[in-house]
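I opened the notebook to record a few look-ups, taken one at a time.

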Amino acid sequence: MFIGKYNRSVILTYVGVAAAFAGIAFAVEGMIAPAMIALAIAGICDLFDGVIARRCKRDKSEMEFGVQIDSLADVVGFLALPAVLGMRLADGAGIVKYPLLFGYVLCGIIRLAWFNTSAAAGGVRTHYDGLPVTYAALIFPVTHAVLGFFPEFNAALIWAAEYVIIAVLFILNVKIAKPRGVWYIIFGALAVGIIALILVRDVL
């Protein structure tokens, strides 16, 4: 009846997209803390959706669909959501924030396209080329949490600089080790800790 795949292997990816959409809605309304929490939740979903997918019995078409839907979900969660957040976070940077945010999104989609074409070449990969866009789900909430302790800092300029640095790291030809084993627990625990900190300090 409907096109697409709706089995267990992609459910967590769809949950991540829902979190990202909620984050965009929060950011548009100027609700930065909830948007950061939504970004971190989207990151947790992305961290574990591949683990779940590999445990599911899938045919070739389901595997190919999973690869494509994951990449498109990354665009929403880790490029679109941070870009909308940047409209608020780097507001003090003036009109210069627009080319900076465009550069962030452009470098991000280049990074994703490079990853997809590299993955299609086959073989077991132990490293990423450039910083994965999903790391935005950890970097931005951590920065938000840290800046909350230093209200005297010029936050807008710090955010503007961070977007530039991350954009460059997306396309810089450096090797980033893929998380394995215990690193899933470490990244997941760090994300949960940041969510808890933001909740306690900024929301509750």
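The entries below follow the order of my look-ups.

**Basis.** I worked from a predicted model, in which local features need pLDDT of at least 70, side-chain atom pairs count only at pLDDT 80 or more, and totals for chains, interfaces and linings use all residues. Residues are numbered from 1 along each chain as its sequence is written, and side-chain values use heavy atoms, with hydrogens and water left out.

**Salt bridges.** I searched for a side-chain nitrogen of Lys or Arg within 4 Å of a carboxyl oxygen of Asp or Glu, and the structure holds three such salt bridges. For accessibility I took buried as under 20% relative accessible area, exposed as over 50% and partly exposed as in between (1.4 Å probe, protein chains only).

I noted that Lys175 and Asp129 meet at 2.7 Å, N to O. Lys175 lies in strand 2 (residues 175-177) and Asp129 in strand 1 (residues 127-129), so this pair ties together parts that are 46 residues apart in sequence. Strands (E, at least two residues) and helices (H or I, at least four) are DSSP runs, numbered from the N terminus. Lys175 is exposed at 57%, whereas Asp129 is buried at 14%.

I found Lys97 bridged to Asp91, with the closest N and O atoms 2.7 Å apart. Here Lys97 is buried at 6% and Asp91 is partly exposed at 46%.

I recorded Arg201 with Asp202 at 3.1 Å, N to O. Arg201 is partly exposed at 27%, as is Asp202 at 33%.

**Asp74.** I located Asp74 in helix 3 (residues 60-89). Asp74 is buried yet has no salt bridge, and Arg111, the nearest side chain of opposite charge, is 8.0 Å away. In that search Lys and Arg count as positive and Asp and Glu as negative, while His and the chain ends are not counted. Leaving out residues up to four places away in sequence, I listed its contacts (heavy atoms within 4.5 Å): Asp74 touches Asp46, Leu79, Leu112, Val133 and Thr134.

**Cys56.** I placed Cys56 in the loop between helix 2 (32-55) and helix 3. Cys56 is buried, with a relative accessible area of 13%. Its C-alpha atom is 9.0 Å from that of Asn7, 49 residues away along the chain.

**Helix 5.** Among the buried residues of helix 5 are Phe140, His144 and Leu147.
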